[in-house]
Amino acid sequence: MAAFDGVRNRLQRVAPATSGQLTASEFLLSGAAAGLFGWGGTQAITWSSRANGALFATALWAVLISGFVGLTVLHAPDSVRFSDAMFAWGTVNTTATAVTIGGLLGVIPAQAAFWHAWVGATAIGYCWTGGVLEGGGQPVRGRGYLGSGVVGLCLLAVGAVAFPLVSPVGYLALAALHALPMALDVRTSLPAVHRTGVVGVAVAAVLVAGLLIA
């Protein structure tokens with residue numbers, strides 16, 4: 001993607017050499033695990049109703065992100081480190097992080113800063129990844145991620161109009177949205193429509209379970 005060429009060239013000059021010990025599949029599974037643990041942990045912190053829960057969640061994510069970035073920079077292949085999809089995720093995650101910081105400072109409402117921003121980032125990130133892969137000649141993978149992005153946009157829409165229905169398990173739904181597309185990409189050969197269906201059913205099941213136990 002031409003928009004990222006300048007940044008890519010600069011990073012390639014200054015980035016440390018990779019060990020190459022992490023395959024692309026292992027990278028995706030690491031990302032899925034980080035999202036599952038991070039959003040699951042965030043949900044647990046939310047359920048605990050701690051007065052400083054936002055700070056605990058921020059500390060959790062600081063550790064996870066630092067570890068994942070270090071793993072990527074030092075061990076992922078260059079085809080991953082400098083890919084258009086990686087730059088796309090860097091863009092959406094940086095934007096969501098800025099919104100979250102605004103929430104921690106009290107400038108942005110907590111609901112928007114801590115949940116909507118990250119559901120939106122995840123949805124856009126998967127849609128963007130899908131477009132990159134489709135353009136790169138990988139239509140099955142691309143459409144699988146694109147479908148997951150559409151599921152994310154639907155989750156975002158539900159949260160925008162009826163957040164009380166989502167809030168009991170909102171971060172668990174985000175965990176499923178974050179982790180499943182990458183796990184399905186690595187572990188299955190399902191067609192794109194089936195991958196989308198699995199992600200959609202999983203997210204919906206989490207929301208229904210939340211309503212039943214609330």
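1. A word on terms to start: buried means under 20% relative accessible area, exposed over 50%, and partly exposed in between (1.4 Å probe, protein chains only). By that scale Asp78, at 40% relative accessibility, counts as partly exposed, while Arg81, at 10%, counts as buried.

2. Please keep in mind that this is a predicted model, in which local features need pLDDT of at least 70 and side-chain atom pairs count only at pLDDT 80 or more, while totals for chains, interfaces and linings use all residues. Residues are numbered from 1 along each chain as its sequence is written, and side-chain values use heavy atoms, with hydrogens and water left out.

3. Now the salt bridges (a side-chain nitrogen of Lys or Arg within 4 Å of a carboxyl oxygen of Asp or Glu): the count comes to four. Arg81 pairs with Asp78, their closest N and O atoms being 2.8 Å apart. These two are three residues apart in helix H4, so about one helical turn separates them. Helices here are DSSP runs (H or I, at least four residues), numbered from the N terminus.

4. Asp185 deserves a look. Its side chain meets Arg141 in a salt bridge (2.7 Å, N to O), a pair that links distant parts of the chain, with Asp185 in helix H9 and Arg141 in helix H7, 44 residues apart. Asp185 also forms a salt bridge with Arg195 (3.1 Å, N to O), which lies in helix H10, 10 residues from Asp185. Asp185 is buried at 9% relative accessibility and Arg195 at 7%, whereas Arg141 is partly exposed at 26%.

5. Helix H7 (residues 139-161) has 23 residues and reaches 33 Å between its first and last C-alpha, close to the 33 Å expected at 1.5 Å a residue; the expected span is 1.5 Å times one less than the number of residues. Its buried residues include Gly142, Tyr145, Val151 and Leu155. They pack against helices H2, H6, H8, H9 and H10.

6. Leaving aside neighbours within four places in sequence, Val203 is in contact (heavy atoms within 4.5 Å) with Val151, Leu155, Ala173, Ala176 and Leu177.
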